[in-house]
Amino acid sequence: MSRGLAAHGLPILPGGQQQTTLGVVGGGQLGRMFVHAAQGLGYRTAVLDPDAQSPAGLVSHVHLKADYLDAAALATLAQQCAAITTEFENVPAAALRTLAGTRVVAPAAEAVAIAQDRVAEKTHFMRCAAQSGVRCAPYAVIESPQQVVDADAHLFPGILKTARMGYDGKGQVRVADRASLALAWAQLGSVCCVLEQQLDLQAEYSVILARGADGQMVHFPVQRNTHQGGILALTEVHESNMAPALAQQAVAAAQAIAKSVDYVGVLCVEFFLVKDAAGQMALVANEMAPRPHNSGHYTLDACDVSQFDLQVRALAGLPLVQPRQHSPAVMLNLLGDLWFASSSAEPVTPPWDQVLAIPGAHLHLYGKQRASRGRKMGHLTFTAASLAQAQASARQACAVLGLAGF
Ligand code: ATP
Ligand code: MG
């Protein structure tokens with residue numbers, strides 16, 4: 001049961017004489033955008049990330065360059081910060097537990113631990129399904145040779161996914177039958193995995209919400225996502241994204257998933273849209289991220305409050321206001337491949353000047369020094385008065401950059 005903010009030592013107001021500092025464990029692009037939002041409100045920031053060139057470390061007041069489980073660094077972070085969040089789910093839950101001994105930490109280690117483990121995550125989704133009506137894909141846990149032999153025939157063709165540490169489609173193998181399952185499991189190191197039935201996806205969506213320590217929840221509109229090679233390529237957000245009844249169901253399911261773990265912070269839940277046995281459209285919960293999400297980057301430019309603003313507010317116990325999307329938005333992810341579009345072996349900076357000449361273009365580059373294929377280097381959001389215009393501008397950018405259209 002959630003208690004009032006004061007019971008949690010909240011709110012933590014910015015602008016005090018003490019130069020209040022907010023901390024983030026992890027220094028990637030999500031941490032960088034959290035830092036920008038926190039600094040916008042006048043907080044100081046501290047980042048814990050071993051990489052001296054981490055995108056968030058480069059823009060933060062303080063950058064602790066140490067391992068996530070380094071006891072001295074965790075003690076310094078706790079000593080310097082009034083409240084601490086995380087920007088990636090593979091941060092050791094133990095680090096968050098240590099910090100929570102003395103400081104406000106959101107989301108809690110327990111919620112992050114669920115999102116770190118596909119088995120725990122699916123168990124949680126199924127527990128919430130009774131209330132939300134949204135189940136996950138049929139699956140089986142694979143952690144022994146016998147479970148490979150016993151895998152139910154209806155799970156094929158399927159996708160074998162490592163239970164832990166997967167992202168951007170890494171740690172996943174498609175399997176046609178039991179023989180290929182055995183090979184795939186060996187290929188993934190015989191670690192704990194889930195075998196998921198491969199669904200015929202009609203579309204993919206995500207819902208991002210923020211929940212405060214007092215239980216208040218607000219959410220962004222449902223986002224429609226397109227993946228290429230297991231990596232998010234495109235997010236489109238506008239009123240006609242999804243039938244209203246399904247959109248309501250997706251939001252309600254995400255809220256149930258957050259509430260049942262007394263979640264505090266920004267949470268993203270990914271959904272698949274499939275046709276059920278009766279030919280009706282139905283939602284399936286895929287996974288959740290205990291942090292802002294790539295599919296919510298458009299909120300920086302198309303909403304009056306961004307997902308990072310809400311992350312700061314939820315952490316500091318400031319009021320959560322329902323965001324308003326003021327423009328239809330199309331977001332393109334910018335991967336390192338763009339730097340290798342020409343035949344040159346050396347990376348070549350893409351023609352950003354031509355991209356910025358397109359009306360409604362919002363370019364965000366994360367300050368990563370080295371481009372490599374598949375690496376998220378930035379994103380590009382197009383806003384316009386109409387969806388058609390935002391799409392036309394995004395298509396123009398695709399042509400300039402040599403990106404596959406949509
Ligand atoms: P993320 O970068 O979102 O963390 P991830 O590596 O954790 O990705 P998933 O979200 O599980 O992986 O899967 C990546 C993509 O693979 C999905 O967005 C979807 O396009 C496809 N996919 C995953 N599971 C299934 C499934 N059961 N049936 C069909 N397609 C699937
Ligand atoms: Mg995913």
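**Helix packing, sheets and a magnesium site**

Helix α4 (residues 109-116) and helix α5 (residues 118-132) have axes that come within 5 Å and cross at roughly 105°. Here, axes are lines fitted to C-alpha atoms, for helices over the stretch in contact, and angles run from 0 to 180 degrees between N-to-C directions. Helices (H or I, at least four residues) and strands (E, at least two) are DSSP runs, numbered from the N terminus. The model is predicted, with local features needing pLDDT of at least 70 and side-chain atom pairs counting only at pLDDT 80 or more, while totals for chains, interfaces and linings use all residues. Residues are numbered from 1 along each chain as its sequence is written, chains are lettered from A and ligands numbered from 1 in the order in which they are written, and side-chain values use heavy atoms, with hydrogens and water left out.

Back to the two helices: α4 and α5 are therefore roughly perpendicular to each other (angles of 65 to 115 degrees; under 35 is roughly parallel, over 145 roughly antiparallel, and the rest oblique). On the α4 side, I114, A115 and Q116 meet R118, A120, E121 and H124 of α5, where contact means heavy atoms within 4.5 Å.

Next come the sheets. Five strands form an open sheet in the order β3-β2-β1-β4-β5, with parallel pairing; two strands pair if DSSP finds at least two bridges between them. β3 (62-64) and β5 (104-105) sit at the edges with a single partner strand each, so one side of each is left without a neighbour in the sheet. Further in, strand β1 (residues 21-25) runs parallel to strand β4 (residues 83-86), joined by four bridges, and V25 has T86 as its bridge partner in β4. Helix α1 (residues 29-40) packs on this sheet, touching β1, β2 (44-48) and β4, and its direction makes about 170° with that of β1.

C193 of β10 is the bridge partner of I142, while V194 is that of K161. β10 is also mostly covered, with four of its five residues buried (under 20% relative accessible area; exposed is over 50%, partly exposed in between, with a 1.4 Å probe and protein chains only).

Finally, the magnesium ion (ligand 2) is coordinated by two OE atoms of E270 and one OE of E287, at 2.0 to 2.7 Å. Donors are N, O and S atoms within 2.8 Å of the metal (3.2 Å for Na, K and Ca), and water is not among the atoms, so sites may look incomplete. E270 lies in strand β15 (residues 265-275) and E287 in strand β16 (residues 281-289), 17 residues apart.
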